[in-house]
Amino acid sequence: MNSSFALSSTTFLYGLAMVCYFGSFAFKNKHLAKAGFYVLCTGLLMNTAGIGLRWVESYQMGYGRAPFSNMYESLVFFSWTMAVLYVFVELKYREQGFGVFVSPLIFLAIAYASFDPSISARINPLIPALKSNWLIAHVVTCFLGYAGFALAFGLSIIYFIKPKQTAENGAFARLPSWDVIDELTYQMVVFGFLFLTIGIITGAVWANSAWGKYWSWDPKETWSLITWFVYAIFMHLRLMRGWHGKNLALVSIVGFVAVLFTYFGVNFLLSGLHSYA
Amino acid sequence: MKNQDTIPRQIWEFFCSVKLTVYTLVLLAVTSIIGTVVLQNGTPQQYINLYGKGLYNLIQVFSIDDMYHAWWFLFLLLLLCINIVVCSVERLSLVWKTIFPKQIRFNPDRFLRSKKICTFFVDQSPDSATAACENWLSKQVGPVHKKKGENFRTVYAEKGRWTRIGVFVVHASVLLLLMGALIGSVFGFKANVRIDEGDQVNTVFAAKTREPVQLDFVIRCNEFEVKFYDTGAPEEFRSNLTIIEDGQETLTTDIRVNHPLRYKGINIFQSSYGTTSAGAAVMAITDNITGQEITRTMQVGETITLPDETGSFQLQGFLPHFDFRGRNLGEAFFGKVTLNDKEGFQIGLPLQFPTFDKMRKGRFSFVVKEFEKKYYTGLQVTKDPGVWYVYAGFVLMILGCWVTFFMSHQSYLIAVEPVSDGKTSIHLAGRTNRSTQNLNLKLAGMATRLENHLKKG
Ligand code: HEM
């Protein structure tokens, strides 16, 4: 097995898991959701193997570097962090219903990495600025943060689909109740916020060791700060009267749009130090 | 809250409110976008070309060309700081009293009213069950407090009062960060310098203003080296530097990207490089009449006679950027050809275009086959006495967030209620200042463990 085989099967398995979750939602079938979960776990194993193998292969090619340094690798890793977090939440809170909103995100990230011709899967050597252990810490924490926000986004969507009161046997019955969504969304935002904070900080420490400046208002930095502000706003709005449920979910959706812009938009639309990743 | 309507009180309340926080953060987030879209720190001409004269005036009025240092942006940050200080002062005394209570009090009714109570029965007398519960709770949670109710006894324990301070640490870390940034921008500098291999400097140039900045020591670049991968991409830039202080060589070391030199509060980073001059060059000289080619190794400045005593050629120097009719042809040598019967003329020998000199169609054409490169190293030299405050802020922010998000003040209550025939019912309930979802999950697990504990012994 090599990394490209492992990652193609990951894509396939994540796609299959998504189909299972959709099926379980459409046909109100509990077993399909269980099947989806197992398929997702298998995909996660493959995903882990793929990342590990890519690491090994980079050593075999003589570059020896962590597999987190270009668009392809970051997307693969983004799928991984989302899958890990989702599996953790499903196991801990025993809520399967929202897999239907999260599995498409997990699948899309890795599918986009595989199918967009402009994203190269080649293992290239690192330019000098990227050779730093801070890079690994920076990428890992940022993507854990993004995964938290992605799950919060998936949960927030439910508010706009599921009515507050649902019929006992309706299609929505198996989605978490509004109270649970509220709490889970908050937990995911908080998780994301902590890791985005660490991500921004490790990025700053890295920039300071490479360029002598911990903050230079480069567009990617600035957008990650904007994202951070949005989620800080989310947390403070919760303290105010009238901000819960749908209203707050809207803020979490805006936050995720900011995440996506930080991740993709800045690369394509704005220019700066980060154009490589 | 007397004097609720006095003006100072109203001002205080204004700066205290979370509403102000939200507005300020929204403004910061929205305005930050501007600087990622509009060019920053450009020249006036660039702005006029991009946006026209009218908009350029607007850009100037609001300092949008350097908006993250504009007065109104700094004002928003200041507002945030005042907001944090006022809000923390207002709340701290209250929270302090909660964290260090004179006496721990608890109200069993509030626990027993909660929806998530775990209840089970044991075949024990209330006395022994209470003792066992006490023992268990003190091990699981902390010091136990007891109360006797009308028809049950309660055992209470709590932990994590101190975690309520976490959110103050987060807010304080924001202040510390901004303070560090301020100290850095007032007392620090960021400058650049280029040093040719073998040269030394003690003056660097501020990045923004280009003003010279005098250092307390001299930096000498002994050697610069660049390595490439097979793909042609750069693998490593390395400068070997010596620090000379009062005429004494105090330190010699290599710096690489990501591995700067920190010396007496000054940081020296590898930031760029280039070719500044050349040592010996191998010249191929072709006689276009006889077709004969000779090669010579020449030093810059050296003069040689051309074949058949027809004249001489002097290798005069090296240019990193050779300008030919307004086009930059890159690195090049230049020299002077003097034929016996004529006045001398200058020729350029761009390295990327070996046939360039042939196109001159003279008697001799010259090509540089090889040469010894001399590099300059581009260093970024910075001083930032605020960075330690910023780093302390980073650490506090992470710790504060961790404590606030993942730890909580939890209290647990076990009610032991006698039922008939030596049976006793046990109720376990809990309260927290944070996630009730997590607490409920925890309670379920604890109840199982408590039940096992009681049944075993
Ligand atoms: C960039 C600035 C700020 C950051 C990063 C920040 C961060 C945080 C965080 C992480 C929390 C915990 C949220 C939670 O428990 O869900 C929090 C809570 C809070 N913040 Fe801020 N904050 C900022 C500014 C402010 C300001 C200016 C105020 C002034 C009013 C403020 C007032 C509060 C209050 C009252 C709480 C609730 C505390 C509690 O639950 O006991 N924050 N903040």
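Which arrangement do the six donor atoms around the iron atom of the ligand adopt? In this predicted model, the six donors subtend angles of 86 to 179° at the iron, and the arrangement is therefore octahedral. For six octahedral donors, the ideal angles at a metal are 90 or 180 degrees.

The protein contributes A:His236 and B:His171 to this site, each through its NE2 atom, and these donors lie 1.9 Å from the iron. A:His236 belongs to helix H7 of chain A (residues 219–237), whereas B:His171 belongs to helix H7 of chain B (residues 166–187), so the pair joins two chains. The two histidines fall into separate accessibility classes. A:His236 has a relative accessibility of 18% and counts as buried because the cut-off for that class is under 20%. B:His171, with a relative accessible area of 22%, is partly exposed.

Chain A contains eight helices and zero strands, and its elements accordingly run α-α-α-α-α-α-α-α from the N terminus. Of the 277 residues in chain A, 62% are buried. Among contacts in chain A with a separation of 6 or more, 78% are made by residues 24 or more positions apart. The chain exposes about 11,200 Å², of which carbon and sulfur atoms supply 67%.

Technical notes
Residues numbered from 1 in each chain as written. Chains lettered and ligands numbered in written order. Predicted model: local features only at pLDDT ≥ 70, side-chain atom pairs only at ≥ 80, totals over all residues. Heavy atoms only, no water. Donors = N, O, S within 2.8 Å, 3.2 Å for Na, K, Ca; no water. Tetrahedral: all angles 85-135°; square planar, octahedral: opposite > 155°, others 65-115°. Helix = DSSP H or I, 4+ residues; strand = E, 2+ residues; numbered from the N terminus. Buried < 20%, exposed > 50% of the residue type's maximum accessible area, 1.4 Å probe, protein only. Contact = heavy atoms within 4.5 Å. Areas by Shrake-Rupley, 256 points an atom, 1.4 Å probe, with all protein chains shown as cover.
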